[in-house]
Amino acid sequence: MDIIKLSPVFKETIWGGKKLRDIYGYDIPSDHTGECWAVSAHENGDCKVSGGTYEGMYLSELWSEHREIFGGMKGDRFPLLTKIIDANDDLSIQVHPDDEYAYKNENGSLGKTESWYVLDCSEDSTIINGHNATSHEELAQMIRDKKWNELLREIPVHKGDFLQIIPGTIHAIKKGTMVLEIQQSCDIIYRLYDYDRLSDGKPRPLHIRKSLDVINVPHREYVQSETYGETQNEWFEQLISCRYYNVWKAVLDGDKSLIQEGYFMIGSCLEGEAVIGNTGVKKGEHFIVPSLPSGRIRISGNAEFIISSPNE
């Protein structure tokens with residue numbers, strides 16, 4: 001099988017910018033474009049196949065009608081979502097639910113475990129990751145009193161950093177940072193605080209009650225306690241292995257074999273160009289490596305990738 005390339009879906013946001021065009025050459029809708037949904041079958045941003053046998057089909061259609069592409073993986077929806085986020089301004093202070101809470105309270109949605117690979121940032125960039133409250137009562141009081149400087153944990157980030165954000169973690173990408181995000185296929189955001197900004201003349205809605213329901217108290221740092229699969233690709237660097245996905249950074253220099261990881265693989269080309277099987281890929285393109293009958297495919301060129309595969 002050939003790899004399957006996808007056309008991104010773009011989202012305009014009040015905090016977005018124009019780096020998606022400037023760095024990756026995308027035809028973005030405006031200079032306030034915050035998100036590139038690069039590999040997605042979610043109803044809020046379903047990508048179309050670009051070229052090949054399935055050209056013009058939505059990824060959700062492929063998942064429903066051609067499950068052999070995905071190694072026969074079970075499930076009623078495509079499990080993962082790959083994004084690029086351009087934070088030209090600070091994102092809201094937010095938190096996401098886990099599977100159980102989302103299923104019960106958000107019409108059967110998946111929860112949202114996510115990871116960030118920092119593509120670009122300014123020298124003094126920071127993100128919000130966690131909080132300092134020691135009890136639910138203290139957390140609620142600090143939110144009511146808007147003691148954000150005391151409540152929030154702010155940490156520095158650098159290009160090439162990788163972070164895992166688990167459900168229940170207060171977090172926010174801040175101004176000047178661009179990340180590639182690998183996440184469960186979920187579009188549920190609970191906002192705690194949005195800097196009193198206006199969108200179309202009105203404040204964006206906050207979700208205080210639901211946020212208080214799901215925030216981990218005290219803050220819980222992610223610690224990888226088990227590994228869901230060792231890579232057979234010696235030129236891959238494993239960034240995370242968790243219940244929902246594996247993520248690797250892969251630097252290609254010459255000719256290699258790309259060995260099957262999991263049911264299928266998702267790739268994002270961050271730099272350079274390569275040929276995978278019979279298909280060329282270049283910087284800014286995203287693709288699926290389908291379930292391979294032989295278990296491997298030839299790849300050649302000089303390029304840098306983020307590769308992921310679902311675990312369940």
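Modeller: The model is predicted: local features need pLDDT of at least 70 and side-chain atom pairs count only at pLDDT 80 or more, whereas totals for chains, interfaces and linings use all residues. Residues are numbered from 1 along each chain as its sequence is written, and side-chain values use heavy atoms, with hydrogens and water left out.

Asn 107 belongs to the loop between α3 (99-105) and β9 (114-120); helices (H or I, at least four residues) and strands (E, at least two) are DSSP runs numbered from the N terminus. Its phi is positive, about 55 degrees, although Asn 107 is not a glycine. Most residues other than glycine have a negative phi, and most peptide bonds are trans. Asp 196 also has a positive phi, near 60 degrees, in a residue other than glycine. Asp 196 is located in the loop between β15 (190-193) and β16 (198-199) and, at 58% relative accessibility, counts as exposed. A further backbone feature is the cis peptide bond between Val 217 and Pro 218, with omega about -5 degrees. Pro 218 is in the loop between α6 (208-214) and β18 (236-241).

Glu 35, by contrast, is a buried residue, with a relative accessible area of 10%. Glu 35 is part of strand β3 (residues 33-39). Its side chain makes a polar contact of 2.7 Å with the side chain of Trp 37 (a pair of N or O atoms within 3.5 Å; within protein, one must be able to donate a hydrogen and the other to accept it, and residues adjacent in sequence count only if both atoms are side-chain atoms). Contact, defined as heavy atoms within 4.5 Å, also links Glu 35 to residues including Phe 10, Trp 15 and Ile 85.

The whole structure holds 17 salt bridges. Another of them joins Glu 304 and Lys 249, whose closest N and O atoms are 4.0 Å apart. Here strand β23 (residues 296-310), which holds Glu 304, is linked to strand β19 (residues 245-259), which holds Lys 249; the two residues are 55 residues apart.

A nonpolar core is a set of buried Ala, Val, Leu, Ile, Met, Phe, Trp, Tyr and Cys residues joined through side-chain atoms within 4.5 Å. The largest such core has 39 residues, and those touching the most other members are Leu 59, Leu 62, Phe 70, Phe 78, Ile 84 and Ile 288. Another core, of 21 residues, lies apart from it and includes Ile 93, Ala 133, Met 142 and Leu 192.

How values were computed:
Buried means under 20% relative accessible area, exposed over 50%, partly exposed in between (1.4 Å probe, protein chains only). A salt bridge is a side-chain nitrogen of Lys or Arg within 4 Å of a carboxyl oxygen of Asp or Glu. Lists of a residue's contacts leave out its neighbours within four places in sequence.
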